[in-house]
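Me: I'd like a close look at one part of this structure, please. Could you walk me through the sheet and the charged side chains on and around it?

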Amino acid sequence: MMTKSALQEQYCVLSGPTVDLKAANSIASAFGLELIEDTHALTTYSYAIECAPIGVGLKALNENLLPVTVDWVSGKAAHRRQFGGGVGQMIAKAVGLKDRRDLNVVDATAGLGGDAFVLASLGARVELLERHPIIALLLSDGINRAASSPEVLPIVQRMRPKFGSAHQWLKDITQASSADVVYLDPMFPESAKKAQVKREMQVFRQCVGPDEDADALLPLALQAAKYRVVVKRPRLAPFLSGLSPSYQLEGKANRFDVYVNCSLKKT
């Protein structure tokens with residue numbers, strides 16, 4: 001997990017006439033970050049947090065990209081919510097939502113929360129674990145803003161973001177509070193083809209770095225999950241932790257490795 005000193009060396013918070021100064025001051029104070037108004041000082045940092053009217057954004061200062069925000073009300077999230085295929089989607093089948101809509105799912109590598117939102121939109125209750133403090137901040141901001149939409153509010157009410165180590169959480173969980181399903185989506189390995197990835201993933205990769213300890217998550221997840229563990233992987237990537245799954249669902253670019261602990265009971 002990133003230390004406070006490392007955070008302060010790499011990140012700052014933008015000030016100025018176009019930002020929400022109250023929110024900017026609050027974030028700067030909470031994380032001990034410098035509040036910057038003079039853009040010439042930005043060369044000192046790698047990333048800037050911007051409290052814009054559209055939400056809290058993360059900007060990579062060495063990239064000519066717009067700030068990344070978590071938005072589940074409009075854009076691609078809205079389109080997938082309306083036309084995404086429901087429980088027929090591969091992720092829904094892998095998790096088991098075709099059999100049961102009321103599953104308790106722990107997304108142990110939540111990232112920007114896209115998959116967690118899809119699962120919650122289909123009826124699952126999702127706990128989002130994120131160990132990077134700035135990504136956790138974006139997640140919480142996205143949920144807070146989405147709660148103002150009457151259409152999206154019932155979805156985000158089923159989502160609970162938590163900042164902390166998934167490794168520690170999975171070690172500490174008791175059988176009485178075990179999740180039905182643990183979902184793992186560790187950072188995909190860099191592609192040898194160097195294809196252009198989405199802007200969100202460019203910034204996300206830079207910000208969080210590789211999940212070098214991802215293999216250690218699977219054995220812990222198998223102990224914590226009541227029914228199954230689902231691992232999202234690139235289509236040709238090796239199995240996480242070298243463990244063969246019970247079965248796989250494969251798409252064009254990625255696949256879902258499903259590790260079954262016991263059968264789901266339909267309700």
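Reply: A salt bridge here is a side-chain nitrogen of Lys or Arg within 4 Å of a carboxyl oxygen of Asp or Glu. With that in hand, Glu 127, Arg 160 and Lys 162 are linked in a network of salt bridges. Please keep in mind that this is a predicted model.

Seven strands form an open sheet in the order 7-6-5-8-9-11-10, and their pairing is mixed. At the edges stand strand 7 (159-163) and strand 10 (247-250), each with a single partner strand, so one side of each has no neighbour in the sheet. From one strand to the next, the twist averages 20°.

Strand 9 (residues 228-234) and strand 11 (residues 254-260) run antiparallel and are joined by seven bridges.

Helix 6 (residues 133-146) touches strand 6 (125-130) and strand 7, and its direction makes about 155° with that of strand 7. Helix 10 (residues 217-224) touches strand 8 (181-184), strand 9 and strand 11, with its direction at about 165° to that of strand 8.

Now back to the charges. Side chains of opposite charge can pair when their charged atoms come close. The count comes to eight salt bridges. One of the contacts is between Glu 127 and Lys 162, at 2.5 Å from N to O. This pair links distant parts of the chain, with Glu 127 in strand 6 and Lys 162 in strand 7, 35 residues apart. Glu 127 has a relative accessible area of 9%, under the 20% limit, so it counts as buried. Lys 162, at 36%, lies between the 20% and 50% limits and is therefore partly exposed.

Another salt bridge joins the side chains of Lys 232 and Asp 115, at 3.2 Å from N to O. Here too distant parts of the chain are linked: Lys 232 belongs to strand 9 and Asp 115 to helix 5 (residues 114-121), 117 residues apart. Both Lys 232 and Asp 115 are buried.

Finally, the side chains of Asp 257 and Arg 255 meet in a salt bridge at 2.7 Å, N to O. Asp 257 has a relative accessible area of 0% and is buried. Arg 255 has a relative accessibility of 2%, so Arg 255 counts as buried as well.

Technical notes:
Residues numbered from 1 in each chain as written. Predicted model: local features only at pLDDT ≥ 70, side-chain atom pairs only at ≥ 80, totals over all residues. Heavy atoms only, no water. Pairing = 2+ DSSP bridges. Helix = DSSP H or I, 4+ residues; strand = E, 2+ residues; numbered from the N terminus. Axes fitted to C-alpha atoms, helices over the stretch in contact; angles between N-to-C directions. Contact = heavy atoms within 4.5 Å. Buried < 20%, exposed > 50% of the residue type's maximum accessible area, 1.4 Å probe, protein only.
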